[in-house]
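Okay everyone, let's get the next one up on the screen. I'd like to talk through some side-chain contacts.

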Amino acid sequence: MLIDEILHTAKGIKESFDGGATMKIKEFMAQGVVNFKETSEYTEIFNTRESFTGTKLLAEGETPPVAGAIEGYQVSLTAQRYGLAVEFTENDYQRAKDSTTMVEEILQSKRNALLVDSVNSLLVAGFGILNDAIAGATYLCPDGVALCGTHTWKSTGTTFVNKATVALSSAAVDSALEWAGAMVDAAGHPMPIDLDTIVVKKGSAAAVMAKKLFAVNIAPTAIADINIYEGAFKIVETPYITATNKKFWFMLDSKKGTPLYAGIYKMPAMNDPIKQNSESFRINATGYYKVGINNMPFMFYGSDGTT
């Protein structure tokens, strides 16, 4: 029977959908800009650490003191449910007739569209923090400020600014590196940041400039053409920065982690087909994830590129 064939095929495409969704998302886990991470915790609580103190000159035989960790803000992120569905309609029945091949083609086409949109929704949400990095309309740091702005250490009330307005250029990179070298923690201890990654909108003028600044194996034609930053930074060119924000550019020290967090409690997965009163079969795909900024962005620098 055609209904049995639909159910059998739906089971097969569920396996390929689930595996495909996991594989696609894991491709982004290594880029280091957004921390896409699988987690078994529905609600996660993060405590920011602002400094360590207590190192002292020891007398002979004196026991070293235990380091005092200066705690900062607490952040709680809870998973939310996301989903989309496709239907194998009565019209699809008529198109398929008794053809097993047609059933597979129709369901596979719907699965492919569902897979693309389900995975894309997570990536849009994760990288969406960058689009909100200046305005802070949706995503705020633990201190209640946009990703790029004037930030306040909770323990001491001292501040640091990780926002610029200049377009990407060699001079702008110089300024970013000077900022990184002058960074101190909440207690005023030197905390140099080694910026090693730049993030730009795919295909934008900022992306072109990044390649000019950081490209490797380009021979200079004059002394002034020598690129002192050749190969110094990893370029992450992402389509998930919107066209509206195409002048945005960011730099970060990936070795110190990223404050952009996307915790995946349940990978996007297809559920069993459900027979509807309309004679169609509905197949839902759902996932659970949480997106937010879970640490102070002391390792993150950004500009809206407006000047």
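So, D18 and K14 both sit in helix α1 (residues 2–27), 4 residues apart, which is about one turn of the helix. Helices here are DSSP runs of H or I with at least four residues, strands are E runs of at least two, and both are numbered from the N terminus. The two side chains meet in a salt bridge, 2.9 Å from N to O. By that I mean a side-chain nitrogen of Lys or Arg within 4 Å of a carboxyl oxygen of Asp or Glu.

Quick caveat: this is a predicted model, where local features need pLDDT of at least 70, side-chain atom pairs count only at pLDDT 80 or more, and totals for chains, interfaces and linings use all residues. Residues are numbered from 1 along each chain as its sequence is written, and side-chain values use heavy atoms, with hydrogens and water left out.

How many salt bridges does the structure hold? It holds 9. Take D92 and K110, with their closest N and O atoms 3.4 Å apart. This pair links distant parts of the chain: D92 is in helix α2 (residues 90–96) and K110 in helix α3, 18 residues apart.

Buried or exposed, what is D92? At 5% relative accessibility, D92 counts as buried, while K110, at 23%, is partly exposed. The cut-offs are under 20% relative accessible area for buried, over 50% for exposed, and partly exposed in between, using a 1.4 Å probe and protein chains only.

Last one: K211 and E237 also form a salt bridge, 3.1 Å from N to O. K211 lies in helix α5 (residues 205–214) and E237 in strand β9 (residues 234–238), so they tie together parts 26 residues apart in sequence.
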